[in-house]
Amino acid sequence: MVAKKYLIETWGCQMNEEDSEKMAGILKSIGYESATKREEADIIIFNTCAVRENAELKVFGNLGHLKTLKMQKPDLIIGICGCMMQQKGMPEEIKKKYPYVDIIFGTHNIHRLPELINNVKQANSTVIEVWEQEGEIVEGLPIERKSDIKAFVTIMHGCNNFCTYCIVPYTRGRERSRKPEDIINEIKDLAKKGYKEITLLGQNVNSYGKDLENMSFAKLLRMVNEIDGIERIRFTTSHPKDLTEDVILAIKECDKLCEHIHLPVQSGSTRILNKMNRKYTKEQYLDLVNLIRKHIPDVAITTDIIVGFPGETEEDFLETLDLVEKVRYDSAFTFIYSKRKGTPAAEYEDQVPEDIKHERFNKLIEVVNRIIEEKNATYKDKVVEVLIEEVSKTDETKLTGRTRTGKLVHFSSDNMNLIGKLAKVKITEPRNFILIGELQEIIR
Ligand code: SAM
Ligand code: SF4
């Protein structure tokens, strides 16, 4: 019998990517194989993001495209899940506008996928199952990871911070930490399978363990550092209000912890930070950056920045540019504020006009990119440690990998056996977003 095939299309953050890997694992465990394009698939699942309106519009467009396919192949199962589905009214809207969608489910019930598929076979209209409340953490789900070298490991779910622009606390529920033994066992298993790099995931990893006894994020980092076989440990995301000196010291003292901290600032204006409910000032953020650099001089610091938050004046925006000049980020995700229904900021009356938001966004990108280019230029002639990850997507004669600081490096080699190895690479040509180098030697 020919196996049925699945295709999962993922929008949004690493959390969603990891959820998709779990769904792929679940589908494999019930006999599905992966498809490379929509036409081959017997089940197509869209894992959606609700953080900005743009992501939602893309999902709607893509759902529209599936209509013809469903007409040609009536047995095709179409599923949609993820953060968008946790928003009030969204499942009903999708059912009404796209009646050919078979399953709608939320972020808290992906483990129920096999039952939901079974239900579709018996139902004559869309199966909807969106749990509003987060339940117990489900451990032991099968997982089909995209890479053999790098793995995401969720250490905590949800968020308690309620930044006034953000939908995540409503779509992912309250903070819940996984037990350290479950995390450690998962990583030991990954090490046995040959994985070299682990990224610990959570919306606010620094509050890991607050709901457990005698546990903290710094403690967890030190425990993960002891696992043989793993070469590199990364984590994301850190909230500046919770990043403590003991975490900074763990990075300094643990050899596997990479010198890279993603530290979303969102704005450089204390007035706007206050309206965003971020719970730190511009000065406190800059002090934290100084403390990090005092302990880890070569650290790379990256960030997220929003422009055009309601009430942001030109002066507020200039504060953001000033902060960017002071911190000199290695990279930054820049966003135009997007109104999210159900969040406090969506109701604020002082929304910034679209043209001003775009103008500020372009100015910000100019400054951010100039600094990235200047920082990358300092890598010229340096020899860096690279974990070789894959053949370059744009040039088959090159291999790619990352430095410990997270910079993407390309170098010439057609030796596929080097994938998964740590190497010394001399940077010959730093560019805006990648560093071109020459392989010096394989470390191990
Ligand atoms: N938990 C992480 C944190 O606190 O930094 C990030 C979560 S969120 C998925 C990723 C980024 O999306 C945020 O850091 C923020 O910059 C951006 N973001 C969230 N809501 C947004 C909105 N309504 N408009 C524009 N950008 C938004
Ligand atoms: Fe959203 Fe703020 Fe939580 Fe990050 S910390 S997920 S930005 S509410």
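A crossing of two helices counts as right-handed if the near helix is turned clockwise from the far one by less than a right angle. That is the case for helix 8 and helix 10 in this predicted model.

**Helix 8 and helix 10**
- Helix 8 covers residues 245-253 and helix 10 covers residues 282-295; their axes come within 9 Å and cross at roughly 30°.
- Angles under 35 degrees count as roughly parallel, so helix 8 and helix 10 run roughly parallel to each other.
- On the helix 8 side, the contact is made by Glu245, Ile248, Leu249 and Lys252, and helix 10 brings in Leu288, Leu291, Ile292 and His295.
- Sorted by class, that contact of helix 8 with helix 10 comes to 5 nonpolar, 1 polar and 2 charged residues.

**Ligand 1**
- Ligand 1 has 15 residues around it, and the closest are Tyr165, Gln203, Gln266, Asp304 and Ser338.
- Asp304 uses its side chain: one of its polar atoms there is 2.6 Å from an oxygen atom of ligand 1.
- Ser338 goes through its backbone, with an N or O atom 2.8 Å from a nitrogen atom of ligand 1.
- Tyr165 also has a polar backbone atom 3.0 Å from a nitrogen atom of ligand 1.

**Ligand 2**
- The shell around ligand 2 includes Cys159, Cys163 and Cys166, along with Asn161, Phe162, His239 and Arg278.
- By class, the ligand 2 shell splits into 7 nonpolar, 3 polar and 1 charged.

Key:
Residues numbered from 1 in each chain as written. Chains lettered and ligands numbered in written order. Predicted model: local features only at pLDDT ≥ 70, side-chain atom pairs only at ≥ 80, totals over all residues. Heavy atoms only, no water. Axes fitted to C-alpha atoms, helices over the stretch in contact; angles between N-to-C directions. Helix = DSSP H or I, 4+ residues; strand = E, 2+ residues; numbered from the N terminus. Parallel < 35°, antiparallel > 145°, perpendicular 65-115°, else oblique. Contact = heavy atoms within 4.5 Å. Nonpolar A, V, L, I, M, F, W, Y, C, P; charged D, E, K, R; others polar. Near = heavy atom within 4 Å. Polar contact = N/O pair within 3.5 Å; in protein donor to acceptor, adjacent residues only side chain to side chain.
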